[in-house]
Amino acid sequence: MAHISPVTDEDKHTPAGCEWTAEKVMELFELPFGDLLFQAQSTHRRFFDPNRVQLSTLLNIKTGACPEDCAYCPQSARYRTELETETLMPAGEIVEAAKIARENGATRFCMGAAWRNPKDRDLMEVSEAVARVKALGLETCATLGMLTAEQAGTLAGAGLDYYNHNLDTSEEFYGEIVTTRTYQDRLDTLDHVRDAGINVCCGGIVGMGESRLDRAGLIASLAGLPKPPESVPINMLVQVPGTPLYGRPEIDPFEFVRTIAVARIAMPGSYVRLSAGRENMNDELQALCFLAGANSVFYGDKLLTTGNATVDHDRELFARLGIAADGDGQTAAD
Ligand code: SAM
Ligand code: DTB
Ligand code: SF4
């Protein structure tokens with residue numbers, strides 16, 4: 001598009017000479033709100049059409065009974081939530097859900113499973129679903145827990161376009177949230193995904209009781225990966241009764257917007273996704289997030305196990321804001 005200045009490979013992700021540390025990211029967080037948003041929006045306009053969003057639809061293909069202890073998660077077997085557990089969904093049902101997502105205008109379909117890591121037999125079934133969803137013309141994404149290098153290769157062979165695996169928070173705060181796998185385990189999976197040639201979708205959660213320095217540390221860790229993730233989901237904690245994080249004090253919404261803005265500046269060539277938590281956000285807050293550089297959302301009436309902003313409401317919001325959905329094949333400015 002004529003109004004987007006060309007971006008070279010060199011300046012695509014990190015401004016020349018800038019290695020993001022938590023301290024450097026903190027300097028951005030501490031800017032006056034208007035200055036931060038201006039910088040984020042200016043960066044956004046250099047790399048993307050500011051009036052377009054990419055739409056990813058989620059489907060939980062295996063529900064609950066997860067052995068991990070992620071303190072935010074309703075799917076952990078360790079916490080008493082209302083959730084009914086379900087075994088792996090047959091590929092045919094997954095494909096039917098993907099068709100509906102496509103009809104609604106999503107361009108990417110993300111399949112999530114409550115596993116610590118997939119068993120090889122499960123992976124075969126998921127691979128079949130991936131191939132069939134891809135054949136519908138959708139981009140495919142999966143989030144199945146930790147992967148070995150070989151498993152990542154299998155998924156790449158099935159045509160998987162993206163793998164979602166979040167760092168969740170800073171390395172320092174991480175131990176307060178998850179004890180059953182280490183930060184390094186997560187980095188290892190991300191390496192396997194990258195090495196297999198799959199695009200990386202990696203982000204975190206805000207509002208878990210972490211400090212601003214932890215949020216800065218998360219963004220610095222994401223921007224400092226060997227290559228920044230192509231997609232960066234920024235989730236607002238969805239507080240689910242029965243999980244240890246239920247009842248945490250809510251974060252100032254402006255601090256959430258700042259986190260989006262800082263992610264946009266630190267990872268200018270990445271899609272920054274306004275992720276979980278939209279059901280409880282008003283339209284004005286979402287508009288501020290788009291202004292801060294968010295250019296992707298989870299789209300569909302449900303996230304994995306909890307509610308999302310509805311498709312009807314999103315369509316109305318995008319129309320009110322003059323935002324077009326990324327259904328016509330546009331990709332990042334590369
Ligand atoms: N079991 C796999 C794993 O953990 O890698 C895949 C699914 S897991 C639910 C995917 C991500 O969803 C988590 O890493 C976390 O960042 C996010 N998530 C889960 N529960 C959430 C909640 N209550 N609020 C916000 N984000 C959440
Ligand atoms: C991500 O970062 N957020 C999504 C997706 N990746 C898999 C999941 C959000 C889950 C919110 C709680 C739930 O619905 O269970
Ligand atoms: Fe299991 Fe993933 Fe939930 Fe952690 S986030 S408890 S690994 S489903």
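Student: Helices here are DSSP runs of H or I with at least four residues, strands are runs of E with at least two, and both are numbered from the N terminus. Which helix does Ile265 lie in?

Tutor: Ile265 lies in helix α9. This is a predicted model, where local features need pLDDT of at least 70, side-chain atom pairs count only at pLDDT 80 or more, and totals for chains, interfaces and linings use all residues. Residues are numbered from 1 along each chain as its sequence is written, chains are lettered from A and ligands numbered from 1 in the order in which they are written, and side-chain values use heavy atoms, with hydrogens and water left out.

Student: Is Ile265 buried or exposed?

Tutor: Ile265 is buried, and its relative accessible area is 5%. Buried means under 20% relative accessible area, exposed over 50%, and partly exposed in between, with a 1.4 Å probe and protein chains only.

Student: What does Ile265 touch?

Tutor: Leaving out residues up to four places away in sequence, Ile265 touches Trp20, Leu28, Leu36, Gln39, Ala40 and Thr43. Contact means heavy atoms within 4.5 Å. As for Ala292, 27 residues from Ile265 along the chain, the two C-alpha atoms are separated by 9.3 Å.

Student: And Val262, which helix is that in?

Tutor: Val262 lies in α9. Val262 is buried, with a relative accessible area of 0%. Not counting residues up to four places away in sequence, Val262 touches Val25, Leu28, Phe29, Leu36 and Ile219. Val262 and Leu28 are 234 residues apart along the chain, and their C-alpha atoms are separated by 6.4 Å.

Student: On to α1. Which residues of α1 are buried?

Tutor: Helix α1 covers residues 22-29, and Ala22, Val25, Met26, Leu28 and Phe29 are buried there. They cover an arc of only 155° around the axis, so they sit on the same side of α1. The arc is taken from the directions from the helix axis to the C-beta atoms.

Student: What is on the face turned away from the buried side of α1?

Tutor: That face of α1 carries the exposed residues Glu23 and Glu27. The buried residues of α1 pack against α2 (33-47), α8 (212-223) and α9 (253-266).

Student: At what angle do α1 and α8 pack?

Tutor: The angle between α1 and α8 is about 120°, and their axes are 8 Å apart. Axes are lines fitted to C-alpha atoms, for helices over the stretch in contact, and angles run from 0 to 180 degrees between N-to-C directions. Ala22, Val25, Met26 and Phe29 of α1 meet Arg212, Leu213, Arg215, Ala216, Gly217, Ile219 and Ala220 of α8.

Student: Back to α9. How does α9 pack with α10?

Tutor: α9 and helix α10 (residues 283-291) pack at about 25°, with their axes 8 Å apart. That makes α9 roughly parallel to α10; angles under 35 degrees count as roughly parallel, over 145 as roughly antiparallel, 65 to 115 as roughly perpendicular and the rest as oblique.

Student: Which residues in α9 and α10 meet?

Tutor: Pro253, Phe254, Phe256, Val257 and Ile260 in α9 meet Leu285, Leu288 and Cys289 in α10.

Student: What about α4 and α5, how far apart are their axes?

Tutor: The axes of helix α4 (residues 120-134) and helix α5 (residues 149-158) are 8 Å apart, at an angle of about 25°. That makes α4 roughly parallel to α5. Among the residues making the contact are Leu123 and Val130 of α4 and Leu155 of α5.
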